[in-house]
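Thanks for coming. I will go through one structure this morning, part by part, and give the cut-offs as the terms come up.

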Protein chains: 2
Amino acid sequence: MTSFSDVVAAAGRIGPHVVRTAVMRSAAFDARAGCPVFFKCENLQTGGAFKYRGAMNVLLQLDPARTPVVITHSSGNHGNALARAARARGMRAIVIVPRDSSRAKIAAIEAAGARIELCEPGLPARERKLAEILAQEPAELVHPFDDDRIIAGQGTAALELLSEVPDLEVISTPVGGGGLIGGTALAAKGMSSKIRVIGAEPEQADDAYQSFRSGERRALNAPQTIADGLRGSIGVRNFELLRRLVDDVVTVSEAEIVAAMRVVLEDLKLLIEPSSAVPVAAMLAGKLGRTARIGIVLSGGNVDLDLCPFLRGSA
Amino acid sequence: MTSFSDVVAAAGRIGPHVVRTAVMRSAAFDARAGCPVFFKCENLQTGGAFKYRGAMNVLLQLDPARTPVVITHSSGNHGNALARAARARGMRAIVIVPRDSSRAKIAAIEAAGARIELCEPGLPARERKLAEILAQEPAELVHPFDDDRIIAGQGTAALELLSEVPDLEVISTPVGGGGLIGGTALAAKGMSSKIRVIGAEPEQADDAYQSFRSGERRALNAPQTIADGLRGSIGVRNFELLRRLVDDVVTVSEAEIVAAMRVVLEDLKLLIEPSSAVPVAAMLAGKLGRTARIGIVLSGGNVDLDLCPFLRGSA
């Protein structure tokens, strides 16, 4: 089982290779929230998301001479992060991507230096494709979240936040597969037993919420939510950490997610992706508790800007 | 005439009252630009724009007991900044706003505590309204840019940037009325005679460009540009500083402005208003020179988010 000391070791290992992202505040947001809120800006991380931390923590523990190729399946930030980390380490990355992923995302992963392998949509098709490739060529699988090294790496964001703002009373992150919330819980509880760790999920992809409440890991099949990073279901290792270390899991609606994205753009002038807006929405709905010093990990900032007309043409 | 020492004095005066905004960089942007670029994030200033610096520098030199009321005409960031600064100083602000201003902007100035006085559009109508009000009640006029105290206050952003990155070779800001470029030139040339100061303007509101080239101050009547903060023409004091201290004025197209706004959102995850994107666009077009260490003052981040559909509804 991963422990606090693994997060500390990961921080030392990846420190020279990742961005120590800013912790930002906004007087306007604090006034709106009624309490001081500290944002750990992983949207400013290499690749635009916290995922680079976990990927780097894995690859720095591999020897490129022995393990020249890494592989994963992800059309999103993890695929991109692994591609970038592999390039930085002089390794090759193969990323299995469902055919229905956006052209922009596929292009970004390719631009980051990975070989793309297309598959049909859905987890079974991804896993078949993975087995197919691994039967032909050796490669190290780097799972997006259900991996102790990934979890420890993701926890380094919270470790940095807490080293700068040690008296936080609550820390919250979104919950997808559970790499970020798992690592954050390890970091936070390792630094202080008093801090509350709260996971935030879309109502429409509430597998972790259901799992947390029932005590049994549950999965959802292709949930629909604007928070595209949170559509996957919580992993085995991740659920164990959730059950053991996380104080609560709360959910928010799609409209609350979009409104929170807008509030962050207005008050902090920061672009965050819908997944990152989920704990912000929970905060604004009072679900992280009132009159506390709150820390939120803004997990990423990769948004399809073609949906934004003021950026498309001239006046 | 304002001097470098006025900027230094302003920095000392307003320091405890304004945000010392972050200087941000992006590896992705540097790769795109081909040189290191340092962004001074005045979009993170109180009120979302550099204007709060100048306003505070004026109001801190007034005694609220003797001068309980200040007045200006501005539907934009200066009106908002003066309202906020007046409230912070325990003074009252009157802001003259043209009837055709957006409801959102008027509401923001009112929310910041000012009394709104509506007038017809156009500079003559504004000035008539101003004279009308001043005939009835005493108030101190705080001009948006043609005021030595305002110019010195705006220069403190560049002073902070240069104190953190002293070896910049080029510094650039947008040019509207010329408060920001004037103060920036004073700060930059005061710190180093070698640094080049370049103003950037929309092609469609190129009064400062024309004035700089011809050596005579020129004004334009209601120019059309998406960069709403740069529609005004350069002031008398401001032109004098431009002529004396600024090395060049360059222009960019409307399409280049929108593209630069998008690049900053993508690479830096920062929301900037179109006016702020003007020097970024000049940079990307190679108009600030190549292979230099460049500093850009991101002047503000107030954008009408209702134009952005991904922030309007749910998925």
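On the α11(A) side, the residues A:Glu256, A:Ile257, A:Ala259, A:Ala260, A:Met261, A:Val263 and A:Val264 meet A:Pro274, A:Ala277, A:Val278, A:Val280, A:Ala281 and A:Leu284 of α12(A). Contact here means that the C-beta atoms of two residues, placed from the backbone, lie within 7 Å. Helices are DSSP runs of H or I with at least four residues, strands are runs of E with at least two, and both are numbered from the N terminus.

Before going on: this is a predicted model, in which local features need pLDDT of at least 70 and side-chain atom pairs count only at pLDDT 80 or more, while totals for chains, interfaces and linings use all residues. Residues are numbered from 1 along each chain as its sequence is written, and chains are lettered from A and ligands numbered from 1 in the order in which they are written.

Back to the helices. Two packed helices are described by the angle between their axes and the distance between the axes. For α11 (residues 254–267) and α12 (residues 274–284) of chain A, the angle is about 95° and the axes are 7 Å apart. The axes are lines fitted to C-alpha atoms over the stretch in contact, and angles run from 0 to 180 degrees between N-to-C directions. α11(A) is therefore roughly perpendicular to α12(A), a label that covers 65 to 115 degrees; under 35 is roughly parallel, over 145 roughly antiparallel, and the rest oblique. By class, their contact has twelve nonpolar residues, one charged and no polar. Nonpolar covers Ala, Val, Leu, Ile, Met, Phe, Trp, Tyr, Cys and Pro; charged covers Asp, Glu, Lys and Arg; the others, Gly among them, are polar.

Next, the strands. In chain A, four strands form an open sheet with parallel pairing, in the order β5-β4-β3-β6. Its edge strands, β5 (115–119) and β6 (140–141), each pair on one side only. Strands count as paired if DSSP finds at least two bridges between them. β4 (residues 92–98) of chain A is joined to β5(A) by five bridges, with A:Pro98 opposite A:Cys119. Five bridges also join β3(A) to β4(A), where A:His73 has A:Ile96 as its bridge partner.

How many of the five residues of β3(A) are buried? Four are, so β3(A), residues 69–73, is mostly covered. Buried means 20 or more other C-beta atoms within 10 Å of the residue's own, exposed means 12 or fewer, and partly exposed is in between, with C-beta atoms placed from the backbone.

Strand β9 (residues 248–252) of chain A has four of its five residues buried, so β9(A) is largely enclosed by the rest of the structure. β9(A) pairs in the parallel sense with β8 (residues 196–202) over five bridges, and A:Ala200 stands opposite A:Val250.

Now the domains. An automatic or database assignment sets the bounds, giving chain A domain 1 (4–49 + 147–305) and domain 2 (52–141). The contact takes 22 residues from domain 1 of chain A and 16 from domain 2 of chain A. On the domain 1 side, α1 (4–14) and α7 (148–164) are the elements that give two or more residues, and α7(A) gives the most, with seven.
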